[in-house]
Amino acid sequence: MRRFLLKLLGLALPLLAMVAAVNYAGDAGGLFLLQERTVARYMLDGLHVRNASNMDERLLQRLLIDHLPHAPECIVLGSSRVMLFDSEICRAGDFMNHAVSGASVEDLIGVYQLYRNRGVYPSRVVIGVDPWIFNDESDQHRWRVLQDAYSEFTSEPFLVPHEVYALKRWTQLLSPSYFQRSSRALLARNGRETRQAVPTTSPVNEEFTKHADGSIAYDAGFRSADSATVEVRARGDLRPPVYSLEGYLKISARRLRGFQLLVTDMRARGIHVTFVLVPYHPVVFDELSRTSPYRIILQFEQAVRRLAAEQQIPVVGSMDPAAAGLNRTHFYDGMHLNEAGVALLLRPLREDTAR
């Protein structure tokens, strides 16, 4: 038996080593390169950054806010759905987009608390409000990188020590699902591109680019998709599990209360707040709005508009693309607007800030 186990171990170790090597080299989720400090330094120096997608976005926000010389005049909070929002939405003063992928209420609070910790505040905050932020089953856990800041704001205890959560990234070295994603990432690179962040003065490049103001430009392949490809992407976004909307049976009272506390604190400090509801692609919205449990996105919008009315906060956009004046030509996929769509969606906001 011992000889059999040793032989089995001898066969397994090379396989595990290969999986770990591919996961580390491909690093589809940006867990191991740890280039946040480098990216933050470039951005603070006023440079854009190519290949800036493989990193911990929450840690990047912490580094930026800790080292900004002062609070920007205007900031954006939200998910990847508002990452294209740039300084054009605030025509006067400086600007920073703090959006992070899959942002939850905890992320919004955590990033804001980083400013509170410094005792400096922006004059305007634009919040991209996504349906899943009030979903207790959204499966969004990345906010725990900011859980110390979140807990300071809410006085809630830490759920998981930050060190334990940070250590979890290394368990992905042996993950079969991460192996699949990292293998595809390696094949896509095909030796032609590097994962290393590269500073640039060009705002648009072949690679995904993080701008000095925190906004982004997608890579050339994603940007150049034709209408048929966008349609396929949109329909793909409807395949279960629909992003962070599974198990969404009711509006979470706890998360809604946390969001209300966040907005109330901003308003008490004289910060001008605007809510932005980024629509879904028409194909996606039509399906979600008539299918349980996803139709709760309609209740979500009503809840946001009620809160906005109570706090006298302007609302731009809608979950419904038609209500927001958008159509299929304004999207990159089922959830993300293209530049033309963003410009149209934010026209009222830009006109307001120009006055």
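This is a predicted model: local features need pLDDT of at least 70, side-chain atom pairs count only at pLDDT 80 or more; totals for chains, interfaces and linings use all residues.

Trainee: Which residues of α4 and α10 meet?

Mentor: On the side of α4 they are V105, E106, L108, I109, Y112 and R116, and these meet R254, R255, G258, F259, L262, D265 and M266 in α10. Sorted by class, this contact has 7 nonpolar, 5 charged and 1 polar residues. As for the spacing of such residues, there is a general idea to keep in mind: an α-helix has 3.6 residues a turn, so residues three or four places apart point the same way.

Trainee: At what angle do α3 and α4 pack?

Mentor: Helix α3, residues 57-67, packs with α4 at an angle of about 20°, and their axes are 9 Å apart. These two helices are therefore roughly parallel to each other as well, but here the crossing is right-handed. The contact is built from R58, Q61, R62, I65, D66 and H67 of α3 together with D107, V111, L114, Y115 and R118 of α4, and by class it has 4 nonpolar, 2 polar and 5 charged residues.

Trainee: Which residues of the largest nonpolar core touch the most other members?

Mentor: The general idea is that, in soluble globular proteins, nonpolar side chains tend to be buried together. In this model the largest nonpolar core has 65 residues, and those touching the most other members are F134, F259, F275, Y280 and F300. Helix α4, residues 105-118, gives this core its largest share, 7 residues. There is also a second, separate core of 28 residues, with V82, Y218, L326 and L349 among them.

Trainee: What is F275 in contact with, leaving aside its neighbours within four places in sequence?

Mentor: Its partners include F259, V263, I127 and V129, and also V304, L307 and A308. Looking at the chain as a whole, residues 24 or more positions apart account for 75% of the contacts with a separation of 6 or more.

Trainee: Which residues of helix α9 are buried?

Mentor: In α9, which covers residues 227-236, the buried residues are V230, E231, A234 and G236, and what covers them includes α11. Across the chain, buried residues make up 54% of the 355 residues.

How values were computed
Residues are numbered from 1 along each chain as its sequence is written. Side-chain values use heavy atoms; hydrogens and water are left out. A nonpolar core is a set of buried Ala, Val, Leu, Ile, Met, Phe, Trp, Tyr and Cys residues joined through side-chain atoms within 4.5 Å. Buried means under 20% relative accessible area, exposed over 50%, partly exposed in between (1.4 Å probe, protein chains only). Helices (H or I, at least four residues) and strands (E, at least two) are DSSP runs, numbered from the N terminus. Contact means heavy atoms within 4.5 Å. Axes are lines fitted to C-alpha atoms, for helices over the stretch in contact, and angles run from 0 to 180 degrees between N-to-C directions. Angles under 35 degrees count as roughly parallel, over 145 as roughly antiparallel, 65 to 115 as roughly perpendicular and the rest as oblique. A crossing is left-handed if the near helix is turned anticlockwise from the far one by less than a right angle, and right-handed if clockwise. Ala, Val, Leu, Ile, Met, Phe, Trp, Tyr, Cys and Pro count as nonpolar, Asp, Glu, Lys and Arg as charged, and the others, Gly among them, as polar.
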